[in-house]
Amino acid sequence: MHKDQSMQRMHLGKGKERQKGNYFEERDQQPAQPNNSAKKGRLDAQAILLLIVHTLFGSANALSGTFVGVYLWKAKNDYALIGWFTLATHLTMAITFWLAGKWVKEHNKMNCLRIGVAISAVFYMLVLWLGANSFQYFVWLGIVQGISAGLFWVAFNVVYFEVTDPDNRDRFNGSVGLLGAGAGIIAPWISGLLIVSLGDIKGYRLIFSISLGIFLLGVVISFFLKKRKVQGTYEWMFPIRSLRKAETPWKRVSLALVFQGVREGVFGFMIALLVYISTSSEASLGNFVLITSAVSLVSFWAAGRFIKPRFRKVSMFIGAAMVVAIILPFFWKMGYSTLLIFGLGSALFFPMYSVPMVSAVFDLIGSTEESARQREEYIVLRELALNVGRVCGVLLFICVISWSKAPLVINVLLLIIGSSPLFSWYFMKKQLSVIKT
């Protein structure tokens, strides 16, 4: 590996010494297209199909995932229980990523993706089967969810890297956010209405059943994705070996990813739960997600279209600063109105933070032929760092909430955890300044 990958940025497919069958050569074997400059940055058919699979996966989770925490809360009003469920999910996800890295490196990565989607369906089957007793098996449910997420995302991220390049990566990330927001507009709103109109038992049973069906549809659609070529042997200890190198940008990037994960681990379940506790209505939670997702849809579209590599550093700083600032109204009053302000602010500014972050990390993976050939190991390293942050965030949440549930304590905790994007930007800013040539 080069002494400092951040100083060796090059366009994918432009390496001087290509080895037969490697990632760069496969990209260069695409047939020449007339007026190629006009098509620069566009998404091809495989990228669009991957977006469809991702959207189905996201839609099923948006339909029911928003309400899993509420479902457990209604069974037993215990913040810590939901924290332990989330902790089990993230720990299992990290282990699954590390183990499944060998699968996607040496075997059929598309089967890994399909099984991840299928196990997500199994998760909702278990919730349906266990019913009101689900909270008694929260650890096992968290493990199943962690396995499904780990298998899906390790395969998805590798395929995402292979079907995109630095010219269209911001656009793909923006499209992912846009379609996810679109699913978020409709799915939770429908779920909330169904639960309120049909009652808890029938309502939750119906939305979990619909999610199960969407996951199965996602498996079917995934068979239209081409089988990806495999190359090389998986290095089990690659993350440790990589971080031990004297001069590598991955030390800074890994710390940035850890801080990114801190916020994700807690805010991923806590905000929806606070909205429900404030309103005691699944319909209100559905409306909250509908409104914020509508804003997020526009914001992700704009981020994917207008955030170019040279704007990433400024964009990520503004996004990070604003997602911290919008937590401050909680100290005035914790209610639906302040939660809505937070939700709208997050929807507006979070894409400015997340799109540059994701794109820069994957550009780093593709910065040299050597790193691109070890893309599976780097993606595992990325996800391990994220999950270390998620686990740390959730452990902090469990410790504090077990000590005190006072509103001021919870607000301070949210502010501390919610400030992690600024640290993420600090460790990432040098890499954000690297522009491909």
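Which residues form a nonpolar patch on the surface?

**View 1. A nonpolar patch on the surface of a predicted model.** Leu 328, Phe 331, Leu 396, Leu 408, Val 412 and Ile 416 form the patch. Together they have about 530 Å² of accessible area (Shrake-Rupley method, 1.4 Å probe, only the protein chains shown counting as cover). Patch residues have over 30% relative accessible area and no salt bridge, and nonpolar side chains are joined within 5 Å. A salt bridge is a Lys or Arg side-chain nitrogen within 4 Å of a carboxyl oxygen of Asp or Glu.

**View 2. Ile 416 in helix H16.** Helix H16 (residues 407–418) supplies the largest share of the patch, three residues. Helices are DSSP runs (H or I, at least four residues), numbered from the N terminus. Ile 416 has a relative accessible area of 53%, so Ile 416 is exposed (over 50%).

**View 3. The second largest cavity.** The structure holds three cavities of 30 Å³ or more. A cavity is a set of points on a 1 Å grid over the protein atoms alone where a 1.4 Å probe fits but cannot get out.

**View 4. The lining of the second largest cavity.** Lining residues have an atom within 4 Å of a point; among them are Val 68, Phe 123 and Ser 134. H3 (45–75) and H5 (109–130) each supply at least two. H3 gives the most, three. The lining has eight nonpolar, one polar and no charged residues.

Residues are numbered from 1 along each chain as its sequence is written. Local features need pLDDT of at least 70, while totals for linings use all residues.

Note on methods:
Predicted model: local features only at pLDDT ≥ 70, side-chain atom pairs only at ≥ 80, totals over all residues. Heavy atoms only, no water. 1 Å grid on protein atoms, 1.4 Å probe; cavity = no way out; pocket = protein on both sides within 12 Å on 5 of 7 lines; lining within 4 Å. Points joined across faces, edges and corners; volume = space filled by probe spheres on them. Nonpolar A, V, L, I, M, F, W, Y, C, P; charged D, E, K, R; others polar. Patch = residues over 30% accessible without salt bridge, like charges linked within 9 Å, V, L, I, M, F, W, Y side chains within 5 Å. Buried < 20%, exposed > 50% of the residue type's maximum accessible area, 1.4 Å probe, protein only.
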